[in-house]
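Student: I have not worked with this structure before. Could we go through it by question and answer?

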Amino acid sequence: MNSRPLRIRDFVRDADNWLYAVAAYDTAGGAGCVLRYIPDQAGERVDPTGTRYRKVAFEEAYDLIEKKKPEYSGLVHQIPLSDITEILKPEEQLAAVAARDGQVQRFREIFALPDGTFGVTGSRLCGIADSGSDIDGVVYGKWFSHAQERLRQGIESGEIEDLDDALWKTVYKKRNPDLGYDEFILHEQRKWNRGQIDGTYFDLLYSRGYDDLPGFVMRKGEVLGTTTIEATVTDDTFVYDSPSIFEVSHPEITRVLSFTHTYTGQAKKGERIEAQGIVEKHGDQKWLIVGTTREAKGEFIRSLSLLEENT
C-alpha cells in the first residue's frame with residue numbers, strides 16, 4: 001500500500017473493486033471520497049484484466065452507498081483506510097498510463113513538466129477510459145501556474161486547440177452557473193485550464209503539493225445565514241484548489257470558499273469580487289461558502305474588476 005498521504009484527485013479501490021475519487025485531504029475520519037465506477041458485467045468500460053465497469057452518476061453514487069455501504073455515508077463517502085485495497089496516484093502512474101494510452105502520452109509530451117509534478121486522473125488513471133473519455137490532467141502545487149502558461153503558449157502557437165463556441169456552450173450548459181453566458185466565458189477564458197489535443201478535450205486540475213498538506217483540515221461550521229458581499233482578494237494561492245479558497249479583505253468575512261468547480265480560479269489577488277452564498281462561523285472567523293448544493297443555485301463568485309475592465 002502506498003505510504004504517501006492521500007490527496008484530492010487520487011483514486012482508491014475497495015475490496016469490491018469499487019473505485020472512488022479522493023475528494024478531501026483530511027483522512028482523520030477515513031478517506032473522503034466520491035464513488036465513481038463499479039464493476040458491471042454489462043458495463044462498456046473494460047480494464048486491463050478484462051473486468052467490466054460502468055460510471056455512476058453523482059446521485060446514484062450516494063444512493064448506492066446508502067443502500068450497500070451505509071457505514072461510508074456522509075457529505076463525502078468516508079472510506080476507512082483499512083478498507084482500501086489499492087491507491088492510484090496520478091503523478092506516480094503517469095508513465096504507466098501513457099504507455100498504454102497514446103492520447104495521454106501526447107498530453108505528457110506537450111506539457112513536459114518534471115516527473116512527480118503532474119499526471120492524469122479519472123477513467124484514464126483507472127485504466128477504464130472509453131473512446132469518448134476526456135483527459136483529466138492533475139498538476140501539483142506551484143507547478144500549476146507553469147502548466148497554465150504552457151497551455152496559453154500552446155494555444156497561441158496552435159500546438160493545443162482552443163475550445164470552439166459549440167464546446168464552450170457545452171461546458172456552460174454542464175456547469176449551469178448563476179452567471180450569463182458572456183460573463184461565464186469572460187472568466188473562464190483567462191483561467192487557462194481547458195483545451196484540446198488532437199480533438200480530445202482536457203482539463204488542468206489543481207492539487208496541493210505534499211508540503212502544503214500538514215494541518216490542513218476542513219470542517220463544516222455553524223451556519224449563520226445567506227448573504228452577498230463585495231470584497232478584495234488578498235491571497236489567491238489556493239483559488240484552484242478544491243475547495244477553492246479566496247482570502248479576502250472585508251469587514252466581516254475573512255475568506256470565500258467554493259465547493260463547485262464552476263468558480264475555481266474565478267478571481268485574482270487584488271481584484272474586487274462579488275460573492276453570494278452561505279455564511280459559516282469557524283472559530284472567530286466567518287467564511288462565505290459557495291457551492292453548498294450540487295447545483296449551487298443562488299450562489300456565485302464574480303470578479304467585478306474583470307467585468308469593469310471589459311465594459
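Tutor: L205 is buried, with a relative accessible area of 11%. Keep in mind that the model is a predicted one.

Student: In which strand is L205 found?

Tutor: L205 has a relative accessible area of 11%, and under 20% counts as buried. Its contacts, leaving out residues up to four places away in sequence, are R9, T121, D136, G137, V138, V139, F144 and H261. The strand that holds L205 is β11.

Student: How far apart in space are L205 and Y240, C-alpha to C-alpha?

Tutor: In sequence, L205 and Y240 are 35 residues apart. In space, from C-alpha to C-alpha, the distance between L205 and Y240 is 7.6 Å.

Student: Is S207 buried or exposed?

Tutor: S207 has its place in strand β11, residues 200-207. Not counting residues up to four places away in sequence, S207 touches R7, I8, R9, Y25, V138, V139, Y140 and G141. Its relative accessibility is 0%, so S207 counts as buried.

**Cores**

Student: Which residues touch the most other members of the largest nonpolar core?

Tutor: The largest nonpolar core has 45 residues. Apart from it lies another core, of 17 residues, among them L6, V22, A31 and L35. In the largest core, the residues that touch the most other members are F107, F111, F202, L204, V256 and I273.

Student: What is F202 in contact with, leaving aside its neighbours within four places in sequence?

Tutor: F202 is one of the residues that touch the most other members of the largest nonpolar core. Its contacts beyond those neighbours are F107, F111, I135, L151, I160, N193, R194, G195, Q196 and I197.

**Helices**

Student: What covers the buried residues of α2?

Tutor: Helix α2 spans residues 90-100, and P90, E91, L94, V97 and A98 are buried there. They cover an arc of only 95° around the axis, which puts them on the same side of α2. The cover over these buried residues includes β7 (84-88), α3 (102-111), β8 (118-121), α4 (122-126) and β9 (135-140).

**A pocket**

Student: Which helix gives the most to the lining of the second largest pocket?

Tutor: The second largest pocket has a volume of about 450 Å³. It is lined by 26 residues, of which G141, K142, F144, S145 and Y206 lie nearest its centre. With 4 residues in the lining, the helix that gives the most is α5, residues 143-157.

Student: How many charged residues does the lining of the second largest pocket have?

Tutor: By class, the lining has 9 nonpolar and 8 polar residues. The number of charged residues in the lining is 9.

**Backbone and loops**

Student: Which peptide bond is cis, with omega near 0°?

Tutor: Most residues other than glycine have a negative phi, and most peptide bonds are trans. P243 lies in the loop between β12 (222-235) and β13 (244-249). The cis bond runs from S242 to P243.

Student: What is the phi of N17?

Tutor: N17 sits in the loop between β1 (11-14) and β2. N17 is partly exposed, at a relative accessible area of 31%. Although N17 is not a glycine, its phi is positive, about 65°.

Student: Where is W192 found?

Tutor: W192 has a positive phi, near 50°, in a residue other than glycine. At 27% relative accessibility, W192 counts as partly exposed. Its place is the loop between α7 (181-188) and β10 (194-197).

How values were computed:
Residues are numbered from 1 along each chain as its sequence is written. This is a predicted model: local features need pLDDT of at least 70, side-chain atom pairs count only at pLDDT 80 or more; totals for chains, interfaces and linings use all residues. Side-chain values use heavy atoms; hydrogens and water are left out. A nonpolar core is a set of buried Ala, Val, Leu, Ile, Met, Phe, Trp, Tyr and Cys residues joined through side-chain atoms within 4.5 Å. Buried means under 20% relative accessible area, exposed over 50%, partly exposed in between (1.4 Å probe, protein chains only). Contact means heavy atoms within 4.5 Å. On a 1 Å grid over the protein atoms alone, a cavity is a set of points where a 1.4 Å probe fits but cannot get out, and a pocket is an open set with protein on both sides within 12 Å along at least five of seven lines; lining residues have an atom within 4 Å of a point. Grid points are joined across faces, edges and corners, and a volume is the space filled by probe spheres set on the points. Helices (H or I, at least four residues) and strands (E, at least two) are DSSP runs, numbered from the N terminus. Ala, Val, Leu, Ile, Met, Phe, Trp, Tyr, Cys and Pro count as nonpolar, Asp, Glu, Lys and Arg as charged, and the others, Gly among them, as polar. The arc is that of the directions from the helix axis to the C-beta atoms.
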